[in-house]
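Hi,

Here's the structure I said I'd pass along. Have a look first, and my notes on what turned up follow below.

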Amino acid sequence: MEVGAERAARVADLIRSQHDQIVARWLKAATSAASARGVNQVALTNVMPEYLSALADLLDTGRSDARERLRRRLESHVSTRIRQGFDLAEMVKELALLGSSISSVWRMLPELGWPSAADIDSLQLELHAAIGDVTETFRRHMLEEEQTEKRYSRLLQSIASKSLHEPGPPLRERLREVVALVMEAMGAQCAAFALYDVARAELVLEASAGIADLASPTLTSFVEEIAAHAEPTTVYDATASRLEIPEALRRSSIHSLLGVRLPTRNALLGVMYVGISQRREFTPRELARLQSLGEQLGLHLDNARLVAELHATIDELRAEQALRERFVSVLAHDLRGPLSAIALAASLLADQPPRPDLPIRIQRNVARADRMI
């Protein structure tokens, strides 16, 4: 719009003509937000340029196909932000920043070139509607997230229950299956679980899954860091971390790591960690999910240990009972001999004239039975 223009500019025309400048202003403001930390500019920009173009088309035409295109762009943007760990307030703020970026462009023009009040109202209505759509999309996501957590909790419970109540290997021997399930639940590319060996006073790898071969790992400061803290341990870039990372992970395409201690506050049971190929921070939802899975696994392992100890005690009691029964049987058999001799001697004393050897025989067998008792 040239200086001194007689007619007001249209917001749609301003967006199209100043598209790159609006995106640049929005990106500069969005980059400074705490939620954008660890997200590069390409990932941060995402579909915002396409959304801005769709917004211009809708403001220009008001057609239903333009609105549908705008809705699809917004849903794509929100889905990406959720994966990146943005919360609802941060996504709403992004839309507010977009509105201020658009207005800052026309405010650089002479006032006569500003959009009309009606045109500005239309823009504000669309941004408000977008905020409503973002809120609804986020609500649906949280419900789906909750259902996902319930699903993996149920699957973990199923593995633990089968190990306890059905013929087959115990839970300790099915940890590879458990780790693979955790990796799937976290959307990770690798996962590992190390159990604390009390006798050796060290953590020993029990199972791993994914792209990194951890068949023969050594105890590293990364694993020790997980074991030493109740809170989750994160590594943003495995190749540049100050912590000692398992060599298999450094050689793989894994960049970011997240580990939790099992259990978090009582005696150390073990540690579990996952790795992803992206170089980014883990979201609060991801931290909470791995902690929840770790707590559940810790409980299942404790239950499995208690059940194993109970079965061992039952086996010991059964063996003791069998030993007692054998002892009583042998004792009863051995007592029959002297008791039979005593009974016979007594019968002879009753039926025959006195014999000097019979009292001696009775005394000898009574003494024998007494020793056995």
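The protein has 12 helices and five strands, and bear in mind that this is a predicted model. Its radius of gyration is 38 Å, well over the 21 Å that the globule rule gives for 373 residues, so the protein is more spread out than a compact globule. Along the principal axes, the C-alpha atoms fill a box of roughly 155 × 45 × 30 Å. Of the 373 residues, 39% count as buried.

Now for the charges. There are 45 positive and 50 negative side chains, with the centres of the two sets 4 Å apart. The salt bridge count comes to 27, and three of these pairs are worth a look.

Start with Glu 68 and Arg 71, whose closest N and O atoms are 2.3 Å apart. They sit three residues apart in helix H5 (residues 64–83), which means about one helical turn separates them. Glu 68 is partly exposed at 31% relative accessible area, and Arg 71 is partly exposed too, at 32%. Both also belong to a salt-bridge network that includes Arg 72, Glu 75, Glu 136, Arg 139 and Arg 140.

Next, Glu 94 and Arg 81 form a salt bridge at 2.9 Å, N to O. Glu 94 is in helix H6 (residues 88–106) and Arg 81 in helix H5, so the pair ties together parts 13 residues apart in sequence. Both residues are buried.

Last, Arg 242 and Glu 225 meet at 4.0 Å, N to O. Arg 242 lies in the loop between strand S3 (233–235) and helix H10 (247–251), while Glu 225 is in helix H9 (residues 221–228). Arg 242 is exposed at 72% relative accessibility, whereas Glu 225 is partly exposed at 22%.

Cheers

Definitions and conventions:
Residues numbered from 1 in each chain as written. Predicted model: local features only at pLDDT ≥ 70, side-chain atom pairs only at ≥ 80, totals over all residues. Heavy atoms only, no water. Helix = DSSP H or I, 4+ residues; strand = E, 2+ residues; numbered from the N terminus. Rg over C-alpha atoms; globule rule 2.2 N^0.38 Å. Buried < 20%, exposed > 50% of the residue type's maximum accessible area, 1.4 Å probe, protein only. Lys, Arg positive; Asp, Glu negative; His and termini not counted. Charge placed at Lys NZ, Arg CZ, Asp CG, Glu CD. Salt bridge = Lys/Arg side-chain N within 4 Å of Asp/Glu carboxyl O.
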